[in-house]
Amino acid sequence: TSTTTPCYDHSLIPIGNVNLPCYISLLLSKLALLRYRQRYVLGDSAMHQMAQSSVFLSGMGTLGVEIAKNIVLAGVKVVTLHDSRLCDVWDLGTNFFIREEDVQKQKKRVEAVHSRVAELNPYVQVNSSTVALDDITDLSFLLQYQCVVLTETSLNLQKRIDHFCHSQRPPIKLHHPKLYPLKIFVACDVLGMCSRVFCDFGESFEVWDPTGEEPKELFIQNITQENPGVVMCLDNRMHGLQTGQSVCFREVNGMTELNGTTHQIKVLSPYSFAIGDTSSFQSYLHGGILRTVRVPRTFHFVRRPLKQCCHLHDPKLLIPDFSKPEVPLQIHTTMMALDLFQEHHSRLPIAGCVQDSEDLLKLVEEVNETLKSKACMNAALVRCVSRCARGCLAPLAAAVGGIASQEVLKALTGKFMPLQQWFYLDALEVVQPLQTLPLEEFASRGDRYDALRVCIGESLLSELHKLRVFMVGCGAIGCEMLKNFALLGVGLARCSGEICITDPDLIEKSNLNRQFLFRPQHIQKPKSITAAAATLDINPELRLEAHLNKVCPATEDAYNDTFYSQLSVVVTALDNVEARRYLDSRCVSNQKALLDSGTMGTKGHTEIIVPNLTESYNSHRDPPEEEIPFCTLKSFPAVIEHTIQWARDKFESAFSHKPSMYNTFWQSHLSTEDVLHVSAGESMDGAFQVIKLLSRRPARWEHCLALARLKFDKYFKRKALQLLHSFPLDTRLKDGTLFWQSPKRPPNPIEFDIKDPLHFGFLVSTARLFAGIYNVPLNGYSLNRIETDETVKKPDQMKLTVSSAEEREAISQLEEAITTGFVTQECLRMSPLVFEKDNDSNGHMDFVEAAATLRARMYAIAPADRLQAKRIAGKIIPAIATATAAVAGLVALELIKVAGAYGFESFKNCFFNLALPVVVLTETAQVKRTRIRDDISFSIWERWSIVGHEDFTLSDFLSAVREKYGIEPTMVVHGVKMLYVPVMPGHSKRLKLTMQKLVKPSANRKYVDLTVSFAPEADGDEDLPGPPIRYHFCNRA
């Protein structure tokens, strides 16, 4: 019998793409495809809302252009850039979109940056305006915008515009797409070492998703029948919930009153929580799943616009650094005084002007008297602010620009909690140690670095110019980091500095929304080379060298000790822990500072690692990710993540591993004649699998469909029948409990129905992948009529199990196939597939989504949409440009400290979550010393050294260590090889062997690092660990 596909309208399907409208729940727009990592942060609803919104942004200085970049990359509908100032030489060191020719032609800043901002995102309408914006401007033009952002404007103008925006707002729900009278106001500034952000989201602002966290599902072990009822998690697993969160119950047996209801929880322990009165409910029997529920929150900014002095004099402050909790209020007071200073003098304080400094100090005292809670006066801080107020630290602007941009996106989408209401971030640790330098250090020299020189002085600026930096990774963080390097003048050619970057990846379309140095014309070009060229466009004075290598043990010939010895600092822009750990080990070995950072959605972290001052990246280890048990994947999936991972594993097995194994077999047996000449009793590895693949090899599209049809029955019918045969529905365990109870779900076999769009989608996507690995041409194949042979059965030989006898039978079958001419030269090659999640035309995600959804249907699990399936199958890390810009700015501030050889107390690590918002700056972890004996200790940064010669024996090595360091070695290990363990048989004979013979180094190897243990102080104690000992084979080390 045969069945035929129903007729579908394929007009929406791109050429070569078999995804059918009825098979896909949502066709993604081009914009969504470009920004899929951001979709995982914001979600489709917020993305849609943002794409209908308009923003007015005034001030195209260092902070304004950062915000413009971030919100245009995010994908708002309209951005109007406003500025009336002319380009200045100072702008070259603070604004990455202003060029030397713009300064020479005396362009207005907004004219210079407009086209460069616009090309970041062709889907955003970018307008420019140079009209006056002052105390008499008619503000009615702002009614067309949902958010107004001000930088570089006077406090009086900020008050006026905030009052205007605040007065336009009735209390509405922002996330209702057609209601747009809301006018959100954001003001921010960077003045020298200080920065601030102020938000006014109106009297009533509803947030529909306060945290952005994915809903969490947990299995239930027990629920008590009392007041309050206590929920225990299955297998004593930690729930990770917080008091006040809400959860919804389903599939609870016995206490069925809970199913479909939502309860607020109170955490009792890491494994249990209370949910309210359950005493009147039925007794709990078994099973049940709970899922966290997003609860909207309303935030009130009642009567707190800037115009009302009570807000300025009683500020709500977010404190980022609890080692100096008093500083935000001090800076609030000082920056208010700076606003008054500008109002009085029409300028900022001049660097080094004593009179200006004293005037500012008096204004600070006056402002402080008006505060409800008085700030602790800090004259040194005020003088520091006065000295560098005219300058600019571009990395500080990058960090604050990322934070402020996220507030704009919150305003437009109603997603994440808004800032209430002031945030101050300072670079006090960078600037304050420089206060004793002579004023000449900070004097203007008429070049692009004047704004930076005002803050850090000429000497430290010269150290930045001389830096030799190695940055690994040129993705989103890498692009932002290079921008900061260019503005700071890191690695100038004339100062013998250099930036070396490496990244093996090519630019993909999906990179364009965060990796702002890349444009559509750069797609499929190397990231490192393209990023280097774009960075030189910002600052042509840099020396940049771009590589295409990974940094791993395989490339140690390129990145050897000589390479590291020439570096000043290493910067990571990586997306995986393994690479970070390797790079950290190389930095520790070569005594180099390492600046690490990373993001995941709105979260970000920075970690600063400095030789002999801090712990290293490898000094701490996060708990390993919990892997899904094999039996769960194979037979007992409980949640959609299990079915998606199962589908991903099936892809790897069928379309990658087996074809690779097939090719390896024929590479070992170069021709069919080699197989025929195998001895009678000889085994051939892989013959069994090869004959299976040969026996099913398709020659035409119809054959591929037949294979796909067999896979359907195998995956979704026969496996279920087999499992139910082994464990019938009424099976009970030894204790009498049912075998099939939560989290185990009994499978329901699926009968193939070609009229079912999901069945059809699996059939076509699987057939396409079979055609790909077997090199079957697809030209001319049609989706309008597909027939399947419902009588086809699996060949008998596929039922073989591997044993020596059956393997010989497989070899005989293979020989028979060769001698009869069935195996041709074309048959000796398959094309393994490499899973690629981002190319929707290749059918990879079509297979994974269809297979995962069918398996979910078979086990009565709620399915996932394509976006969620892609995230899980592709292990995609959510990302957004705002967080990327923030971490890069914070790291670049620490780079200045590294260049200046600052002390331990100056360095700061950071963790932030822009969604909440939370910013936490902490001291770095101080390096620990391990005691061997009272007079002998070491840290991770220390390495002992022994220099040998050609005839240097193991005994000589032990004696040299004892004589040089005064302690007796007891064990020597090289990597995983034990060179000397006294209790091991035969090891005493090794004492006479040369180190060269024991270690067997490669020809060009000059040294090895050995792990050595030492004798304990008291008999019976364990051996003592020591630092690595670098053994040099000769004096050429």
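Colleague: What do I need to know about the model before we start?

Modeller: The model is predicted: local features need pLDDT of at least 70, side-chain atom pairs count only at pLDDT 80 or more, and totals for chains, interfaces and linings use all residues. Residues are numbered from 1 along each chain as its sequence is written, and side-chain values use heavy atoms, with hydrogens and water left out.

Colleague: Fine. How many helices and strands does the chain have?

Modeller: The chain has 30 helices and 35 strands. Helices (H or I, at least four residues) and strands (E, at least two) are DSSP runs, numbered from the N terminus.

Colleague: And how much of the chain is buried?

Modeller: Of its 1037 residues, 56% count as buried. Buried means under 20% relative accessible area, exposed means over 50%, and partly exposed is in between (1.4 Å probe, protein chains only).

Colleague: What share of the contacts links residues 24 or more positions apart?

Modeller: That share is 72%, taken over contacts with a separation of 6 or more. Contact means heavy atoms within 4.5 Å.

Colleague: On to helix packing. At what angle do α4 and α12 pack?

Modeller: About 45 degrees, with the axes of α4 (residues 62-74) and α12 (residues 394-413) 8 Å apart. That makes the pair oblique. Axes are lines fitted to C-alpha atoms, for helices over the stretch in contact, and angles run from 0 to 180 degrees between N-to-C directions. Under 35 degrees is roughly parallel, over 145 roughly antiparallel, 65 to 115 roughly perpendicular, and the rest oblique.

Colleague: Left-handed or right-handed crossing?

Modeller: α4 passes α12 in a right-handed crossing. A crossing is left-handed if the near helix is turned anticlockwise from the far one by less than a right angle, and right-handed if clockwise.

Colleague: Which residues make that contact?

Modeller: From α4, they include L63, I67 and I71; from α12, they include A397, V400, A404 and V408. By class, the contact of α4 with α12 has 11 nonpolar, 5 polar and 1 charged. Ala, Val, Leu, Ile, Met, Phe, Trp, Tyr, Cys and Pro count as nonpolar, Asp, Glu, Lys and Arg as charged, and the others, Gly among them, as polar.

Colleague: Now α26. How does α24 cross it?

Modeller: The axes of α24 (residues 757-773) and α26 (residues 844-858) come within 8 Å and cross at roughly 140 degrees. α24 and α26 are therefore oblique to each other. The crossing is left-handed. Among the residues that meet are F762 and L769 in α24, and F847 and L854 in α26. The contact of α24 with α26 divides into 7 nonpolar, 6 polar and 3 charged residues.

Colleague: What about α26 and α27?

Modeller: Their axes come within 10 Å and cross at roughly 105 degrees, with α27 covering residues 866-873. So α26 and α27 are roughly perpendicular. M845, D846, V848 and E849 of α26 touch R866, A869, K870 and A873 of α27. That contact of α26 with α27 has 4 nonpolar, no polar and 4 charged residues.

Colleague: Switching topic. How many disulfides are there?

Modeller: The count is 0 disulfides, where a disulfide is a pair of cysteine sulfur atoms within 2.5 Å.

Colleague: What is the phi of S496?

Modeller: About 65 degrees, a positive value although S496 is not a glycine. S496 sits in the loop between α15 (476-488) and β20 (498-502). S496 is partly exposed, with a relative accessible area of 48%.

Colleague: Last one. Is S246 buried or exposed?

Modeller: S246 is buried, at 8% relative accessible area. S246 is in strand β11 (residues 246-250). Its C-alpha is 5.3 Å from that of H263, 17 residues away in sequence.
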